[in-house]
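Subject: Structure handover, with notes

Hi there,

Here is the structure I promised to pass on to you. Have a look at it first, and then read on for what turned up.

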Amino acid sequence: MFGKEILFLYQVLGKCKFLASLLVSLPQYKASHRISLYLSIPNEVDTIPILKDMFAKGKEAFVPRYHGQKMEMVKINSMEDYHKLPLTKWNIKQPSVNEIRENALDNGGLDLVILPGMAFTKNGKRLGHGMGYYDKYLHMITRCQNKKPYTIAVAFNEQLHEDIPTNEQDFILDAILTDKF
């Protein structure tokens, strides 16, 4: 049993590295300076390689900060800053709501938003974790900015479905990047 668990972990880590390398090679990523990136949990595509690349290339990194029914994207400045972030009750790293951080909307908006999710379709439908934080945020930022940010999800191929239920409040993404073409 232990051997199968090691093989599975190796495959998942390989897929995460592959997805990160695909993402950072996209023209939309290369052209973006201000990027929002979710901080992954164990069952999601690991976003740490993407975050490291962002800092290495001098891009500005914004991560979600949840407070009540509201989500905002706030700036983190380095990998050291990331490592110091506290964990929420859901075991997700997040800047403290008591800490003053640059809000993406206060100083230029976002060029690119990289999203998490539970399930996706090839045509951009997304099933999130159920609270609608990202959908509300994306609709709001699209109204507030002069230019809509490019939206992309990174996901495992197993998360792709023919269709998922959506409604008028759901935001359709520009692209879904998976580990298989």
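Let me start with a term: a salt bridge here is a side-chain nitrogen of Lys or Arg within 4 Å of a carboxyl oxygen of Asp or Glu. Please keep in mind that this is a predicted model, where local features need pLDDT of at least 70, side-chain atom pairs count only at pLDDT 80 or more, and totals for chains, interfaces and linings use all residues. Residues are numbered from 1 along each chain as its sequence is written, and side-chain values use heavy atoms, with hydrogens and water left out.

**Salt bridges**

Searching the whole structure gives ten salt bridges. In one of them, aspartate 53 pairs with lysine 57, and their closest N and O atoms are 3.2 Å apart. For accessibility, buried means under 20% relative accessible area, exposed over 50%, and partly exposed in between, using a 1.4 Å probe and protein chains only. On that scale aspartate 53 is buried because its relative accessible area is 17%, while lysine 57, with 48%, is partly exposed.

Helices (H or I, at least four residues) and strands (E, at least two) are DSSP runs numbered from the N terminus. After helix 3 comes glycine 58, with a positive phi near 75 degrees.

Another salt bridge joins the side chains of glutamate 72 and arginine 65, at 2.9 Å from N to O. Are these two partners buried or exposed? Glutamate 72 is buried, with a relative accessible area of 17%, and arginine 65 also counts as buried, at 6%.

Then there is lysine 75, which forms a salt bridge with glutamate 102, with the closest N and O atoms 3.9 Å apart. This pair links distant parts of the chain, 27 residues apart: lysine 75 sits in strand 3 (residues 70-76), and glutamate 102 in the loop between helix 4 and strand 4. Lysine 75 counts as buried because its relative accessibility is 19%, whereas glutamate 102, at 25%, counts as partly exposed. Both belong to a network of salt bridges that links Arg34, Glu60, Lys75 and Glu102. As a general point, side chains of opposite charge can pair when their charged atoms come close.

**Asparagine 103**

Asparagine 103 lies in the loop between helix 4 (79-84) and strand 4 (112-115), and it is buried, with a relative accessible area of 12%. A polar atom of its side chain lies 2.9 Å from the backbone nitrogen of leucine 105; the cut-off for a polar contact is a pair of N or O atoms within 3.5 Å, where within protein one must be able to donate a hydrogen and the other to accept it, and residues adjacent in sequence count only if both atoms are side-chain atoms. Which residues does asparagine 103 contact, leaving aside its neighbours within four places in sequence? They are Phe62, Glu72, Met73 and Val74, where contact means heavy atoms within 4.5 Å.

**Helix 1**

Cysteine 16 lies in helix 1 and is buried, with a relative accessible area of 4%. Beyond its neighbours within four places in sequence, cysteine 16 is in contact with Val45, Asp46 and Phe156.

**Pockets**

A pocket, on a 1 Å grid over the protein atoms alone, is an open set of points where a 1.4 Å probe fits, with protein on both sides within 12 Å along at least five of seven lines; lining residues have an atom within 4 Å of a point. Grid points are joined across faces, edges and corners, and a volume is the space filled by probe spheres set on the points.

The largest pocket has a volume of about 690 Å³. It is lined by 27 residues, and those closest to its centre are Tyr66, His129, Gly130, Met131 and Tyr133. Helix 5 gives the most to this lining, with five residues.

The second largest pocket holds about 200 Å³ of space, and its lining includes Gln28, Asp111, Lys147 and Tyr150.

Enjoy exploring it!
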